[in-house]
Amino acid sequence: MDEIRKKFSRPLKVLVIEDNVIDQKILESMLTEPPAIASFLKIAGKLSEGIKLVNEFPFEIAILDLNLPDSQGIETITVFSRHALDLAIVVNTGVYEDDLGLETLKHGAQDFLIKSKYNSYVLNKVLHYCLERKQRERDLVNAYHELKEAQQHLIDSEKFKIVGRLAGGVAHEVKNPLATISYGITYLQQNLKTPDSNQLKVMENIKEAADRADKIVNDLLDFSSLDQFQKTPASIQSVIRKAISLVQYQLDEKQIQLIEIFTDDHDRVMIDKNRIGQVVINLILNAAHAVPPHGEIQISTHLSAWPDLGLPGSWGKPDLFASGEKIVVIRIEDNGVGIPENVLDKIFEPFFTSRRAAGGTGLGLSICRNIMEHHEAGIKIFNRPEGGVCAALCFRALSQAQEDEYAAKKDLNH
Amino acid sequence: MRQKKILIIDDEKTFTVVLKISLEALAKYIVYVENDSSRAVATACKFRPDLILLDIIMPYKEGPDVAIEFKNHPFLKQIPIVFLTANIRPEEIDEQNNRIAGHIFIAKPTPFEDLVQTIDRNIHQSVSL
């Protein structure tokens, strides 16, 4: 109760747009005489002056007369609300007509006051209620945007699935003719008696083109088989080491220093080694793109208990694991430029990329997240307080009992 | 040395024509082609190959079903089978030593030299058995 009273007696930052000097004075005294409704007050005589003030001061609410020297009627509210999107607005006018009153609400006003029909008590109540309404309106708009985003995510992932399925089918059909071309050229290269240099060049180029087409098809196949996983017990550290060996060349090229901090903790997890290797490679390469030449990437693993993984903030899904469950955490950190806050929530969207010009397809992190979801494991990417980015992966640790159970099952199958 | 007999069972005609010519050019194999997988067993009985190259996705009868027929056949069950497939990436097969569930796999298109190596390795194995 006290809190609400406090809320409703909080002084406001108010803008009055009113050309009639008497009305100005009345409002001013209502707003400023103790107990003051307004802690900050500016009065404009024209709409244009009001708009100018909005851009200069951080008002919370505006009291707006509709008939001003430079604007009359409904036009006043439509123009003003366009310039003051974040402001709550109370229309204050001498004539009252219901249709006009309702019309102002449609164009951005939160309430409608009739001059000389209210006292400072009513004014205070109206202003605070307007602020609340404006807040609800903002909440609604935010909820709408979130919903829109979720819908877009659904559409994207559906697109993703369809493209994947299509790609898988097409890839298979294309591979057969490719095999014919590839073997045919190999045969000709080895069996043509005394071919001239042009014939050799043509064959070489056909072979090269076939190999390139094959690579593209393999990428598509890779994309289409995102739902096929072969999970076996594995050491996360050995997966990371293999991933590092595959990207070492790119790291050396940029003279990036790689620091590995692997604890001796138990690091057994149930994963598809190739797929998780793919995730780790992707994250290392992202880090490598982010750091300057001679930059630094640190990869570490440790064992934690859910949900306290020693990382800032929370995981989107608090029920990803049971509380107290043993979790293997991988951290891949860089000292690069970080991710701009305004795109941080978009980085997992399919086809979102900051490197389109450099050939990024925007599928990398999206595939990573997909792979992690298929493992019922977590991925989180955030800007480190000390600068640079940290990508964290967390997996349910495999217990000895689970490992034994897997081995027994495997024996049974053989 | 006796020339080894290889039977290719694959519905992709252009591929089988080129592969037969390529393998026979090495002068160490006699190659027979069957494009209709439903006739695989009958053809194999007639030809008695030392090794079978078997496609996986085919109309009428798919590769694995053909392989089961061979495994259940009194004479044919000894013949080593190498699966040829366009469904798997070469790396995926390499990582598993060319074996999936105990069978030998080759991804299409694997370099021709690798295919020949795999054939030779597995033919010799069958002789020593």
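Where is the place of A:His294 in chain A? A:His294 is found in the loop between helix H9 (273–290) and E9 of chain A; helices (H or I, at least four residues) and strands (E, at least two) are DSSP runs, numbered from the N terminus.

## Basis of the model

This is a predicted model, in which local features need pLDDT of at least 70, side-chain atom pairs count only at pLDDT 80 or more, and totals for chains, interfaces and linings use all residues. Residues are numbered from 1 along each chain as its sequence is written, while chains are lettered from A and ligands numbered from 1 in the order in which they are written.

## Backbone features in the loops of chain A

A:His294 is a residue other than glycine with a positive phi, near 70°. A:His294 counts as exposed, with 9 C-beta neighbours inside 10 Å. Here a residue is buried if 20 or more other C-beta atoms lie within 10 Å of its own, exposed if 12 or fewer, and partly exposed in between, with C-beta atoms placed from the backbone. A:Thr194, also not a glycine, has a positive phi of about 45°. A:Thr194 belongs to the loop between helix H6 (120–191) and helix H7 (197–224) of chain A, and is exposed, with 5 other C-beta atoms within 10 Å.

Cis peptide bonds occur in loops as well. The bond from A:Pro34 to A:Pro35 is cis, with omega near -5°, and A:Pro35 lies in the loop between H2 and E2 of chain A. The bond from A:Trp306 to A:Pro307 is cis with omega near 0°; A:Pro307 lies in the loop between strand E9 (296–305) and strand E10 (326–334) of chain A.

## The parallel sheet of chain A

Five strands of chain A form an open sheet with parallel pairing, in the order E2-E1-E3-E4-E5; two strands pair if DSSP finds at least two bridges between them. Strand E2 (38–44) and strand E5 (111–114) of chain A are the edge strands, each pairing on one side only. On average, neighbouring strands of this sheet are turned by 20° against each other, direction ignored. Axes are lines fitted to C-alpha atoms, for helices over the stretch in contact, and angles run from 0 to 180 degrees between N-to-C directions. Helix H2 (residues 21–32) of chain A packs on the sheet and touches strand E1 (12–17), E2 and E3 of chain A, its direction making about 170° with that of E2(A). Two residues are in contact if their C-beta atoms, placed from the backbone, lie within 7 Å.

E1(A) is largely enclosed by the rest of the structure, because five of its six residues are buried. E1(A) pairs with E2(A) in the parallel sense over six bridges, and A:Val16 stands opposite A:Ile43 in E2(A). Four bridges join E1(A) to E3(A), which run parallel; A:Val14 has A:Ile61 in E3(A) as its bridge partner. E3(A) in turn pairs with E4(A) in the parallel sense over four bridges, where A:Ile63 has A:Val90 of E4(A) as its bridge partner. E1(A), H2(A) and E2(A) make a right-handed β-α-β unit, meaning that, with the strands pointing away from the viewer, the path from the first strand over the helix to the second runs clockwise.

## Buried side of helix H4

Helix H4 (residues 74–83) of chain A has A:Thr76, A:Ile77 and A:Phe80 as its buried residues. They lie on the same side of H4(A) because they cover an arc of only 90° around the axis, the arc being that of the directions from the helix axis to the C-beta atoms. An α-helix has 3.6 residues a turn, so residues three or four places apart point the same way. The buried residues of H4(A) pack against helix H3 (47–56), strand E3 (61–64), strand E4 (88–93) and helix H5 (98–106) of chain A.

## Chain B and its interface with chain A

Chain B contains five helices and six strands, following the pattern β-α-β-α-β-α-β-α-β-β-α along the sequence. Of its 129 residues, 36% count as buried. Among the contacts in chain B with a separation of 6 or more, 58% come from residues 24 or more positions apart.

At the interface, 16 residues of chain B are in contact with 18 residues of chain A. Helix H1 (residues 13–25) of chain B supplies the largest share of the side of chain B that touches chain A, with seven residues. That side has nine nonpolar, three polar and four charged residues; Ala, Val, Leu, Ile, Met, Phe, Trp, Tyr, Cys and Pro count as nonpolar, Asp, Glu, Lys and Arg as charged, and the others, Gly among them, as polar.
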